[in-house]
Amino acid sequence: MRPAAESPDSLHPLLADRFSPSRFDPSAAVDDRTLGLLLEAARWAPSAGNSQPWGFLTARPGEPDHARLLPHLAPSSARWATDAGLLVVTLTRRYVGEPDVQYSEFADYDLGQAVAHMTVQAQAMGLAAHQFRAFDLDALTKDLDPAPGWAIVSMIALGRAAEPPAHLRERRPVADLLAAPWASQE
Ligand SMILES: Cc1cc2nc3c(=O)[nH]c(=O)nc-3n(C[C@H](O)[C@H](O)[C@H](O)COP(=O)(O)O)c2cc1C
């Protein structure tokens, strides 16, 4: 069966309008309630066996952790992430249990879902999120020193976008989503 070609404009506006801004409004603070709702959204994501293998460090401008995170950003992300009302470090719990530590196959997958929840909740509250990997992972891990089994995966800059939505970024066609995994069998 071939699905009908659809336009992104037919999607729910929370999905159609989402984008990763490259400029944030430095005057738009993220208040405690907003931060609480973002974490609550992550909390209700699905996960393998309800394992919930996600964790976060949050930091807003003026908080000690914010100043701690900034030196670890790559210049490419520091340009816009510094102005965001909130920085989030995302962590996954890949290894569980003592003393026979067990590898959790879906930990990163589940973290991604929790971040997607957070991103959509942000969008619903008039905010935008830009996830990024452009930071010094080794130095940040050394500095934050997560508990055994936990690993830092990504960061998120979150706040009010200071640029118009750019929601027509290039995407692979739906037909390719269905065909690409099987290309070797053609
Ligand atoms: C895991 C992950 C890592 C990313 N790393 C970066 C990054 O280091 N720098 C950056 O500018 N954007 C980064 N992005 C954002 C993507 O480039 C962006 O989501 C993609 O280009 C699609 O654009 P859109 O989110 O506006 O639709 C990252 C996104 C994800 C999910």
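The legends below describe close-up views of a predicted model.

Local features are reported where pLDDT is at least 70 and side-chain atom pairs where it is 80 or more, whereas totals for chains, interfaces and linings use all residues. Residues are numbered from 1 along each chain as its sequence is written, and side-chain values use heavy atoms, with hydrogens and water left out.

**View 1. Residues around the ligand.** The shell around the ligand is formed by Arg18, Phe19, Ser20, Trp80, His130, Gln131, Phe132, Arg133, Ala134, Arg169 and Arg171; a residue is near the ligand if one of its heavy atoms lies within 4 Å of it. By class, four of these residues are nonpolar, three polar and four charged. In this scheme Ala, Val, Leu, Ile, Met, Phe, Trp, Tyr, Cys and Pro are nonpolar, Asp, Glu, Lys and Arg are charged, and the others, Gly among them, are polar. Strand β5 (residues 128-132) contributes three residues, the largest share of the shell.

View 2. An N or O atom in the side chain of Arg18 is 2.8 Å from an oxygen atom of the ligand. For Arg171, a polar side-chain atom lies 2.8 Å from a ligand oxygen atom. Ala134 takes part through its backbone, with an N or O atom 3.0 Å from an oxygen atom of the ligand. On its own the ligand has 630 Å² of accessible area, of which the protein covers 58%; accessible areas come from the Shrake-Rupley method with a 1.4 Å probe, and for residues only the protein chains shown count as cover.

**View 3. Strand β5 and its partner β6.** Helices (H or I, at least four residues) and strands (E, at least two) are DSSP runs, numbered from the N terminus. Strands β5 and β6 (residues 150-159) run antiparallel and are joined by five bridges, where pairing requires at least two DSSP bridges between the strands. Ala128 has Gly159 of β6 as its bridge partner. Four of the five residues of β5 are buried, buried meaning under 20% relative accessible area, exposed over 50% and partly exposed in between (1.4 Å probe, protein chains only).

**View 4. The salt-bridge network of Asp32, Arg60 and Glu63.** These three residues, Asp32, Arg60 and Glu63, are linked in a network of salt bridges, each defined by a side-chain nitrogen of Lys or Arg within 4 Å of a carboxyl oxygen of Asp or Glu. Arg60 and Asp32 meet at 2.9 Å, N to O. Arg60 lies in the loop between β1 (54-59) and α3 (64-69) and Asp32 in helix α2 (residues 32-43), so the pair ties together parts that are 28 residues apart in sequence. In the bridge between Glu63 and Arg60, the closest N and O atoms are 3.0 Å apart. Arg60 is buried at 14% relative accessible area, Asp32 is exposed at 58%, and Glu63 is partly exposed at 27%.

View 5. Asp65 and Arg68 form a salt bridge of 3.6 Å, N to O. The two residues are three apart in α3 and are therefore separated by about one helical turn. Both are partly exposed, Asp65 at 25% relative accessible area and Arg68 at 34%.

Conventions
Polar contact = N/O pair within 3.5 Å; in protein donor to acceptor, adjacent residues only side chain to side chain.
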